[in-house]
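Thanks, everyone, for making time this morning. I would like to take you through one residue and then one interface, so please keep the structure in view while I talk.

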Amino acid sequence: MLANRIIKILSYVSIALLMAFFCLFGIIILYYSIPAIIHSGYHFFTDISWIPSENTFGALSFISTTSLSSIIAILIAMPLSLSIAILLEEYYKQGRFNKFIKYSIDILALVPSIIYGYWAWYFLIPLLEPDGLFFGDGFSNIMFISLVLAIMIIPYSASFSFRIISRVSDNIKDAAFSLGASKYRMIMNVLVPNSAKGLWAAMLLAMARCIGETMALIFILGSGSMLFGETNTMTTIITQDFFHLKSHLHLSALAEIGLLLFVITTMINIAGKYIMQKVW
Amino acid sequence: MRVKTHRKFKEYFFKNALIVISLLTIFSLLCIFAHILYLSVSSMIEYLFIDSVSSVVSFGLLINGILGSFFIILISTIISLPLGFFIALFQYEHEEVSFAKKMVSYILDSLQAVPFIVAGFFVYLLFQGKIYDFSAIAAILALSMVMLPLFSKSILSSLEKIPENLKQAAYALGASSYKIVFRVLLPAAFKDISREVLSIIAMLSGLAAPLFFIYEVGKRFEITELGVHNALPLLAFKIFHSGESSDPAIWVIFLIIILFIFLISLFTKTLRNNE
């Protein structure tokens, strides 16, 4: 029948377009990264000097800032998200309190990161740094970046953690209770271990989100504020240097950072999804 | 006796610690959100009603931004939704795990993993040098790239929720694939798909990163003869980057985005409650 054929053709055309687009994406990013890859080699990952005017492109400081701030943000956000998820699943499973918290988390998760970033610049920095004493060294810069990322990621990881916690079978919990376990014991010895894989996956997916985050940090790091000195993440250095390109090699170095970001977030996402498939 | 008391104490301490930590977290986040709303609403009042407050953003430019956001999201949705639907249909119809299905799944996962800023950067590199003429198309392409894997995955999960016996019954009655898709699957999954699509649109309405590189170089961002030059989140960043970092119009823009997200969220909740 003609209509059936049309549906099939449209499906295959869509798949073909998807594959072509993906290949185009890979080719373009690689094509623009290659000059910088050839020029810098492995020094791109080991040097901390990023001096575009001298064609020196060492991205180690950005890679380490990104990694550290993401890890610290996850370490702050995950326990808090997990406690919200456990509270809703085990202690307040139904009722208005449950509905209110879930709805609040859903709304907070939808707030764009640009708003959190601007709020941090507008309110949090003047609050913490009235006299120019708090920031300036690497540690406090990274802690502040982590705080902003954690604020952004808590609702996202809370709703994810809740889905994972609620997947644990009631039979296992009832079995623990029938053996005389208290609620605390059931949570620590049954619920959390049984949902550990899923929680790892949630952590990885939240981390991928932190690593790729730009707009939450661009107001803080990209405003040229002297508060944060030379601190930059992989995403903010792309946005900052984009407006001050010195050479084609400079653009190529930014493309290489983009490629690195894509590779890291893809690997993390695939690892997270692989673990989720094992769980579900 | 001692053991019982010790156990009770542990239980009591754990439960209350959980409540305190959770409530403090939620309360802090809600306070941040309330503060953002307060700043937005007070800036809106200043912007609209207080003459002494100056802003580099005229009301017309704000409308420009709203229309720009609306058109970019609308056209990106028109492009990526049908594509996402047919990709999801392909995955749904191919129940056995084939190489093609695995490949499609891998590509969608990879595209979903692309950081938004890298998506925008890729589009800039694609149009490099010609961006003045293609800035609107570039913005739409960047947003479509972000939307496509999200739409495809959510439509697939909605189709998979449909009971298998519904499809089998349609086959048993001699329905063709075309009829099954448009008379059985789509109507059954329509509400779920609509909710998911609207949630994705709400989530992406405040996205600035994919459009970031269109700013500055894309001075001709015209989509219609109305001369639409902007998207709301991009306009906020432009104002900030131009040196007017405390302009009240920035908060007004954020308020518009938050209201839009809130309205869509309310609408999807109503759809869910009506089912």
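Let me begin with Glu90(A), which has its place in helix α3 of chain A, the helix that covers residues 60–91. Please bear in mind throughout that what you see is a predicted model. Is Glu90(A) buried or exposed? Its relative accessibility is 11%, and because buried means under 20%, Glu90(A) counts as buried. If we leave aside the neighbours within four places in sequence, the residues in contact with Glu90(A) are Lys173(A), Lys183(A), Met186(A), Ile187(A) and Leu191(A).

Now to the place where the chains meet. Chain A brings 79 residues to the contact, and chain B brings 79 residues as well. The size of an interface is often given as the accessible area lost when the parts come together. Between chain B and chain A the buried area is about 7400 Å², and carbon and sulfur atoms give 83% of that area.

What about charged pairs across this interface? The rule finds one salt bridge between chain B and chain A, in which the side chains of Asp106(A) and Lys269(B) meet at 3.4 Å, N to O. Across the interface of chain B and chain A there are also nine residue pairs in polar contact, both residues being at pLDDT 80 or more.

On the side of chain B that touches chain A, the elements that give two or more residues include α1 (2–49), α2 (59–93) and α9 (248–274) of chain B. Of these, α1(B) gives the most, with 19 residues. That side of chain B divides into 55 nonpolar, 15 polar and nine charged residues.

Methods:
Residues are numbered from 1 along each chain as its sequence is written. Chains are lettered from A and ligands numbered from 1 in the order in which they are written. This is a predicted model: local features need pLDDT of at least 70, side-chain atom pairs count only at pLDDT 80 or more; totals for chains, interfaces and linings use all residues. Side-chain values use heavy atoms; hydrogens and water are left out. Helices (H or I, at least four residues) and strands (E, at least two) are DSSP runs, numbered from the N terminus. Buried means under 20% relative accessible area, exposed over 50%, partly exposed in between (1.4 Å probe, protein chains only). Contact means heavy atoms within 4.5 Å. Buried area is the accessible area (1.4 Å probe) that two parts lose on being put together, summed over both. A salt bridge is a side-chain nitrogen of Lys or Arg within 4 Å of a carboxyl oxygen of Asp or Glu. A polar contact is a pair of N or O atoms within 3.5 Å; within protein, one must be able to donate a hydrogen and the other to accept it, and residues adjacent in sequence count only if both atoms are side-chain atoms. Ala, Val, Leu, Ile, Met, Phe, Trp, Tyr, Cys and Pro count as nonpolar, Asp, Glu, Lys and Arg as charged, and the others, Gly among them, as polar.
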